[in-house]
Amino acid sequence: MTDSKLIIVGIGAYALARSPVKIKTYGLGSCVGIALYDRRERIGGLVHAMLPSISNARIKENPLKYTDSGIEYLAGEIVKKGSSRKRLEAKLVGGAHMFENRNMNIGERNIELARKTLERLEISIVAEDTGKNYGRTVTLDTSTGDLLIRTILRGDKII
Amino acid sequence: MEEGKNLKNLREYEYGALRELENIGIGNSATSLYKLTNNLVQTRVLGAKFELIENIPKITGISEFPVLGSFMHIEKDLSGYILIFFPEKSVKNLSIILSGEDRGIDSVDTISRSLIEEVSHILAGTYVTALSTFLGLNILISTPYTVYDMFGSILNSVLTEMSCKTDFALLLDAEFLIKEEKIYGNVLTLFDPASLEYILKRIDEIFPRKSA
């Protein structure tokens, strides 16, 4: 990990950092961003997953491309860094339906599976900003656990 | 996914041929745009690359910059997507030229959105027709889906849709510019691995190489 204060997470990737580093991912559309945060240790991680389940994958080399395996991977890594699964809180962002007249519902399925996976891992979802039809850029502030969400037409908000 | 793995390392002359193909596509789109706007259109081929779909944003760059983006499916003999992006200012400037009036609206409204969607459809249609003529293939495009949002969100959503069917994609990245009117556009073409194979096969048939 570098000493820069901001880490950018690409699509199908993740980052994990301690306070006061910020983790940002650009342009969540139908993709889902899952932030896991440990308030006591002030350590947090962010995954930018594309597709719902790794069980349907042809190549299974990148667990971070999929919502279910991405969450499991991030939860595993954060625990390795000294957190405990019980202290983790989750926030979900994205899973939008960008093109209104198209019936692909990848976004919706991503969110559904993210909720199920977190429930199975017994990690509670403390906030979410999901669905609708617009893109979001997300920044996780590991000093507070806040997620800053930026949009084009709907302004910014913190969850 | 053996097809993808085999194709991972394209040779330099193959990339050269793909860039030339891209040049043909964007060049013909530019001619259409010239006819629509009566302005000189400059084009630039930014490159061709065969990559894992999740690595494509690393090539195009990813941003939260607001754009009007249209995407269309490429169908029939080849399969993929064509995406055309216009920044907000370009949407406005192009709308003024096409409609002949400045309605004084800065943001992207319904009228300019429909206008640009139509232009994007024409540009993509010309692009694909040029490829189709050159390669001797039957290629069509679907009706466009248009949205005004962050560049990154639009691109990621299309890549996600594409990744339901394939893990790799050929990216052709090109741009055009009407300097006097400050209109800029970016054209991204994505083909699946089977289409890439088909394109290379056709190029080999059209320009047989002496075996080294």
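**Exercise 1.** Classify how helix 2 of chain B and helix 5 of chain B are oriented to each other.

*Solution.* Step 1: take the geometry. In this predicted model, the axes of helix 2 (residues 12-37) and helix 5 (residues 110-135) of chain B come within 8 Å and cross at roughly 140 degrees. Axes are lines fitted to C-alpha atoms, for helices over the stretch in contact, and angles run from 0 to 180 degrees between N-to-C directions. Helices (H or I, at least four residues) and strands (E, at least two) are DSSP runs, numbered from the N terminus.

Step 2: apply the classes. Angles under 35 degrees are roughly parallel, over 145 roughly antiparallel, 65 to 115 roughly perpendicular, and the rest oblique. Helix 2 of chain B and helix 5 of chain B are therefore oblique to each other.

Step 3: list contacts (heavy atoms within 4.5 Å). Helix 2 of chain B brings residues including Leu21(B), Gly25(B) and Leu36(B), which meet residues of helix 5 of chain B including Val119(B), Tyr127(B) and Phe134(B). By class, this contact has 13 nonpolar, five polar and one charged residues. Ala, Val, Leu, Ile, Met, Phe, Trp, Tyr, Cys and Pro count as nonpolar; Asp, Glu, Lys and Arg as charged; the others, Gly among them, as polar.

Conventions: residues are numbered from 1 along each chain as its sequence is written, and chains are lettered from A and ligands numbered from 1 in the order written. Local features need pLDDT of at least 70, side-chain atom pairs count only at pLDDT 80 or more, totals for chains, interfaces and linings use all residues, and side-chain values use heavy atoms, with hydrogens and water left out.

**Exercise 2.** Classify the packing of helix 4 of chain B against helix 5 of chain B.

*Solution.* Step 1: helix 4 (residues 88-99) and helix 5 of chain B pack at about 85 degrees, with axes 10 Å apart. Step 2: that makes helix 4 of chain B roughly perpendicular to helix 5 of chain B. Step 3: Val91(B), Leu94(B), Ser95(B), Leu98(B) and Ser99(B) of helix 4 touch Ser112(B), Leu115(B), Ile116(B) and Val119(B) of helix 5. Step 4: by class, this contact has six nonpolar, three polar and no charged residues.

**Exercise 3.** Find which element of chain B gives the most to the lining of the largest pocket.

*Solution.* Step 1: helix 5 and strand 5 (145-150) of chain B each supply at least two lining residues. Step 2: strand 5 of chain B gives the most, with five residues. Step 3: by class, the lining has nine nonpolar, three polar and five charged residues.
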